[in-house]
Amino acid sequence: MRIVNTIKGTATMLVGARGSAVETARGRLVFMGVMFMFVFASLTARAGYLCVLQEGGEPRFETAMADQNAAAMAAGRADIVDRNGVLLATTLQTISLFADPKLITDATAVASDLKAIFPDMDEAQVAQKLSGKGRFVWLERGVSPKDMEAVNALGHPGLDFRFESKRFYPQENLTSHIVGYTGVDGQGFAGVERSFEKQLKDSSKPLQLSIDVRYQHALRRAMATAMAKFTAKGAAGAIVDVQTGELIAAVSLPDFNPQDVNAATDDQKFNRFALGVYEMGSTFKTFSTAAYLDKLGGQFSNTFDASKPLRRGNFTINDYHAKNAILTIPEIFMHSSNIGTALMGEKVGTTVLKSFYSDLGFDKPVPIALSERASPLVPNPWRDINTVTVSYGHGISVTPLHLVRAFSGIVNGGVLPALHILKGEHDEMRPRVVSEDTSDRMRRLLRLVVTHGTGENANVKGAMVAGKTGTSEKILNGRYVEDQLVSSFVGTFPADNPRYAILVSVDEPHGTKESYGYATAGWVAAPAVASVVRSMMTIENMPVADGSHDAAIEEEMAHYMPIEMKEKAHLASFKQ
């Protein structure tokens with residue numbers, strides 16, 4: 001029993017000793033584990049600290065964080081679409097490659113490896129970046145998943161990727177001056193991107209514009225053709241729905257790709273249709289003639305003596321298409337007589353004409369929801385001699401949007417629309433600027449310009465285009481320069497029931513052999529508008545006019561033209 005008990009006691013002692021050792025070991029392991037976690041946490045904190053601070057206490061990844069913030073902002077930005085839902089701007093996720101130069105052991109070798117994946121990469125520049133003292137450098141933006149996989153396969157520890165949100169513009173140059181672009185922080189810098197900044201950031205619903213990219217294509221193509229043909233400096237154009245005031249298309253050339261705005265010049269980024277302020281020449285005869293008919297009750301049969309130059313003070317006014325005759329209102333307008341128009345302006349008077357131009361919006365920025373809006377340049381003080389000259393478009397400068405808006409108010413029945421950039425917007429109240437009768441008479445005169453006058457090159461069979469040419473000299477150092485012109489044509493169609501107003505204005509065109517050296521509106525801008533009209537008729541499958549409206553105009557106008565003009569009118573082919 002003693003032996004057994006001794007054995008049991010010994011076993012108990014052995015078990016107790018072993019248990020004590022196990023507990024001691026367990027305690028030591030727990031202690032070591034806690035210490036290891038503490039050390040690891042300290043190292044992690046230190047690593048995090050080093051990731052945030054560069055040498056000298058400068059923030060590391062500062063650029064990356066800025067881009068990350070920008071990406072976060074851009075990610076919540078709504079799409080922009082045209083009136084038919086065509087995508088104009090959107091936000092997409094992209095992959096960007098960056099490096100930590102501190103972890104790069106052989107900058108030359110890494111740069112060489114990356115060059116094999118990205119052939120357009122500047123190998124020497126990348127090697128220089130990788131040799132820098134900083135802790136963060138961008139190497140390549142917009143990396144494809146395939147190239148990302150290839151970079152990872154290289155196994156260089158200093159290379160890594162970041163996902164970013166980036167604004168994309170599928171239409172590129174086509175709508176650059178309308179849509180605009182965003183900066184690196186995701187904020188709108190121009191166009192709709194700037195003007196509707198809050199709406200784009202606060203809403204996920206696409207912002208639908210009044211623009212139709214089909215018409216935008218047609219307008220840009222016609223303007224680019226005119227620029228190339230007449231080696232012009234630039235051009236501006238617009239298409240407006242005359243009834244609603246919706247801006248259907250607007251183009252400024254030269255333009256730029258908003259996807260690479262840093263590569264654009266100031267001239268390319270300049271918005272000519274909204275910010276360019278120009279004398280628009282004889283297109284203004286539309287407004288002074290309307291004032292004469294509407295404010296004084298003028299009749300087509302009224303005549304003015306345009307047989308000799310008109311002298312007023314130090315000014316001598318001549319006619320470019322001189323007829324050296326007493327002319328009726330249709331003849332003055334059809335042949336764009338400066339003399340006849342100036343005399344009409346005098347009849348209207350300074351007070352009335354100045355007030356009428358103000359009613360048309362020529363003394364204030366155009367009402368449109370774009371941040372790019374320029375103020376016109378009007379005579380100040382406005383003297384009687386200014387009334388004479390502004391009646392035919394000299395001494396007053398406006399933007400193309402001013403012109404096409406006021407023109408819309410003359411031809412649409414006589415009410416002035418605000419211009420709208422969003423689809424479906426309309427005015428609750430539109431001020432009347434002329435009577436419906438005056439509007440109708442002006443459309444007949446404008447049609448006469450295209451069928452028998454200076455705008456014949458704008459004529460399109462079956463479209464019934466009605467419009468006015470305008471050629472002005474640019475001012476340099478306070479003087480008009482003869483060989484620096486702005487050639488414009490503003491028109492509407494169909495003349496019997498206007499739907500659209502179209503403007504093309506070409507900056508500093510040069511004459512060609514085909515134009516006999518002329519760079520005037522009838523040769524430069526009128527054909528461009530005709531090209532746009534043809535495209536629009538095809539796009540909308542518009543019906544072709546039967547000619548009865550034109551026949552009625554011709555019959556009416558024959559009563560207001562002298563015998564020699566009647567003969568010319570009847571002998572000329574009346575284009576449809």
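Student: What should I know about the model before we start?
Tutor: It is predicted: local features need pLDDT of at least 70, side-chain atom pairs count only at pLDDT 80 or more, and totals for chains, interfaces and linings use all residues. Residues are numbered from 1 along each chain as its sequence is written, and side-chain values use heavy atoms, with hydrogens and water left out.

Student: Which residues point which way from E16?
Tutor: Tyr500, Ile502, Val504 and Val506 go one way. Ala501, Leu503, Ser505 and Asp507 go the other. In a regular strand, side chains alternate between the two faces of the sheet.

Student: Which way does E8 run against E16, parallel or antiparallel?
Tutor: Antiparallel, over eight bridges. Pairing needs at least two DSSP bridges between the strands. Glycine 234 has aspartate 507 of E16 as its bridge partner.

Student: And how many bridges between E15 and E16?
Tutor: Eight, also in the antiparallel sense. Phenylalanine 489 partners valine 504 in E16. A hairpin through six residues joins E15 to E16.

Student: What about E9?
Tutor: Strand E9 covers residues 247-253. Seven of its seven residues are buried, so the rest of the structure largely encloses it. E8 (residues 234-241) pairs with E9 in the antiparallel sense over six bridges. Glycine 237 stands opposite valine 251.

Student: What's in the turn of the E8 and E9 hairpin?
Tutor: Five residues lie between the strands. Glycine 245 in the turn has a positive phi of about 80°.

Student: Switching topic. What is the volume of the largest pocket?
Tutor: About 1,200 Å³. The search uses a 1 Å grid over the protein atoms alone; a pocket is an open set of points where a 1.4 Å probe fits, with protein on both sides within 12 Å along at least five of seven lines, and lining residues have an atom within 4 Å of a point. The volume is the space filled by probe spheres set on the points, which are joined across faces, edges and corners.

Student: Which residues lie nearest its centre?
Tutor: Ser282, Tyr320, His321, Asn338 and Thr471, out of 41 lining residues. E14 gives the most to the lining, with five residues.

Student: Now salt bridges. How many does the structure hold?
Tutor: There are 24. The criterion is a side-chain nitrogen of Lys or Arg within 4 Å of a carboxyl oxygen of Asp or Glu.

Student: What does arginine 447 pair with?
Tutor: Aspartate 550, with the closest N and O atoms 2.6 Å apart. Arginine 447 lies in helix H18 and aspartate 550 in helix H20 (residues 548-557), so the pair ties together parts 103 residues apart in sequence. Both residues are buried.

Student: And lysine 198, buried or exposed?
Tutor: Exposed, at 61% relative accessible area. Lysine 198 bridges aspartate 202, the closest N and O atoms being 2.7 Å apart. The two lie four residues apart in helix H8, about one turn. Aspartate 202 is exposed too, at 53%.

Terms used: Buried means under 20% relative accessible area, exposed over 50%, partly exposed in between (1.4 Å probe, protein chains only).
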